[in-house]
Amino acid sequence: MRNTTDSAIRPAAEGRRCEHCGRALAKRRVPSPFDPAALIPFGYEECRCEGARAERLARERAGREEERRREEAARARAFERAGIPKRYRDAAHPYAEKMARMAEEGQGFFIHGPNGTFKTTLAMAAARLLMDAGVDVLAVASYDLMDAMRSRKDEDRRLFERASGCKVLVLDDLGKEASNTPYACERLFAIVDKRDKEMLPVIVTSNCKLSEIAVNIAEGAVGVAIASRLAASCKQVRLDGPDRRIHGQD
């Protein structure tokens with residue numbers, strides 16, 4: 001019987017040579033999937049010379065870099081689907097970790113204060129941490145949401161469903177909408193009401209106090225009803241200070 005152990009390490013007569021040092025390389029042999037006692041040829045051994053080693057390290061580095069690029073591309077696509085703008089995809093804030101943890105447990109937040117106090121930064125930083133934890137997040141500017149509610153198109157109906165059912169909704173700049181139709185306000189109320197009933201948190205940012213939101217959204221009962229539900233489900237967070245955008249502060 002043939003000695004398969006010897007044949008596993010014997011260089012082939014017309015085998016492959018290392019392109020760096022010229023050493024003859026033995027064929028690799030692996031167990032056959034049909035007969036584990038038999039060995040079949042499967043490529044060649046790798047040379048251990050310095051040139052071959054450098055090439056392997058370069059391949060490994062290239063592989064890691066390619067994997068990093070794929071991960072970054074996948075992360076960018078996830079951020080895009082979640083509605084997080086490019087500016088905020090690396091957002092960080094001292095309060096973000098605690099806010100994300102509480103939001104994952106069902107707590108909503110109403111972040112308010114003057115311009116440039118990092119309200120959106122805080123909300124998006126929390127959203128980013130929630131995404132890293134595998135939480136379904138949607139971030140949308142309130143004026144974009146209200147525009148979508150006014151249009152009644154199929155894609156906007158899907159946005160309504162997404163905003164109503166995602167685990168955490170970030171609603172940015174509530175109260176800045178230029179004009180709200182009664183129908184759009186009813187749709188916004190439906191989103192807030194459904195989330196309140198299902199105990200799904202919403203993180204709101206606004207220049208307005210919660211007591212001012214009702215009038216800014218809509219005159220009458222709908223605005224009051226939205227403000228009432230936000231007051232019941234959201235912890236209010238006030239951010240004060242000068243406009244850091246104007247004063248160039250990080």
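In this predicted model, helices α8 and α9 are roughly antiparallel to each other, because their packing angle of about 150 degrees lies over the 145 degrees that marks this class. Helix α8 covers residues 210–217 and helix α9 residues 221–233. The crossing of the two is right-handed. On the side of α8, the contact is made by Leu210, Ile213, Ala214 and Ile217; α9 contributes Gly223, Val224, Ile226, Ala227, Leu230 and Ala231. By class, these residues comprise nine nonpolar, one polar and no charged.

Phe160, Ala163, Ser164 and Gly165 of α6 meet Arg187, Ala190, Ile191, Lys194 and Arg195 of α7. This contact divides into four nonpolar, two polar and three charged residues.

The geometry of both pairs is set out below.

| Helix pair | Angle between axes | Distance between axes |
|---|---|---|
| α8 and α9 | about 150 degrees | 7 Å |

Helix α2 comprises 33 residues, 50–82, and reaches 48 Å from its first C-alpha to its last, close to the 48 Å expected. Its buried residues are Ala52, Arg56, Phe79 and Ala82. These buried residues pack against α4 (119–132), β5 (137–141) and α6 (154–165). Just after α2, Gly83 adopts a positive phi of about 85 degrees.

Conventions: Residues numbered from 1 in each chain as written. Predicted model: local features only at pLDDT ≥ 70, side-chain atom pairs only at ≥ 80, totals over all residues. Heavy atoms only, no water. Helix = DSSP H or I, 4+ residues; strand = E, 2+ residues; numbered from the N terminus. Expected span 1.5 Å × (residues − 1). Buried < 20%, exposed > 50% of the residue type's maximum accessible area, 1.4 Å probe, protein only. Contact = heavy atoms within 4.5 Å. Axes fitted to C-alpha atoms, helices over the stretch in contact; angles between N-to-C directions. Parallel < 35°, antiparallel > 145°, perpendicular 65-115°, else oblique. Left-handed = near helix turned anticlockwise from the far one by under 90°. Nonpolar A, V, L, I, M, F, W, Y, C, P; charged D, E, K, R; others polar.
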